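Here are some notes to read alongside the picture. Keep the structure open and look for each residue as it comes up.

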Amino acid sequence: MEDNSRQDIRRLLRTFGVKADEALTDHLSRNPRVEKLRVRISLQDLTDYGGLTPEGALALEIEDEISGAG
């Protein structure tokens, strides 16, 4: 894998991490009585392959709980 690809992946994941942290923190502060927040994070390939089928699917889902203040 090229260095540029790795840098692009890391940039995307850093941006997602920061924005997800902000969104989750804001959501929990607006809902202080929640004891556990159940969330799902998903990754999907949105590339237009022009009618070709990609070799293997890119799909990832992670589900977990985040402790709330409640």
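1. Let's begin with a term: a residue is buried under 20% relative accessible area, exposed over 50%, and partly exposed in between (1.4 Å probe, protein chains only). By that rule, buried residues make up 4% of the 70 residues in the protein chain.

2. A word on the source: this is a predicted model, where local features need pLDDT of at least 70 and side-chain atom pairs count only at pLDDT 80 or more, while totals for chains, interfaces and linings use all residues. Residues are numbered from 1 along each chain as its sequence is written, and side-chain values use heavy atoms, leaving out hydrogens and water.

3. Now the layout. The protein chain has 1 helix and 2 strands, in the order α-β-β along the sequence. Helices (H or I, at least four residues) and strands (E, at least two) are DSSP runs, numbered from the N terminus. The radius of gyration is 17 Å, well over the 11 Å that the globule rule gives for 70 residues, so the protein chain is more spread out than a compact globule. That radius is taken over C-alpha atoms, and the globule rule is 2.2 Å times the number of residues to the power 0.38. Along the principal axes, the C-alpha atoms fill a box of roughly 50 × 25 × 15 Å.

4. Which residues account for 58% of the contacts with a separation of 6 or more? They are residues 24 or more positions apart; contact means heavy atoms within 4.5 Å.

5. Next, the salt bridges: a side-chain nitrogen of Lys or Arg within 4 Å of a carboxyl oxygen of Asp or Glu. The count comes to 5. One of them joins arginine 38 and glutamate 63, at 3.1 Å from N to O. Arginine 38 lies in strand E1 (residues 36-44) and glutamate 63 in strand E2 (residues 59-67), so this pair ties together parts that are 25 residues apart in sequence.

6. Have a look at arginine 40 too. Its side chain meets glutamate 61 in a salt bridge at 3.8 Å, N to O, linking strand E1 to strand E2 across 21 residues. Arginine 40 also forms a salt bridge with glutamate 63, the closest N and O atoms being 2.9 Å apart. Shared partners join Arg38, Arg40, Glu61 and Glu63 into one network.

7. Are these side chains buried or exposed? Arginine 38 is exposed at 52% relative accessible area, arginine 40 is exposed at 53%, and glutamate 61 is exposed at 54%. Glutamate 63 is partly exposed, at 39%.
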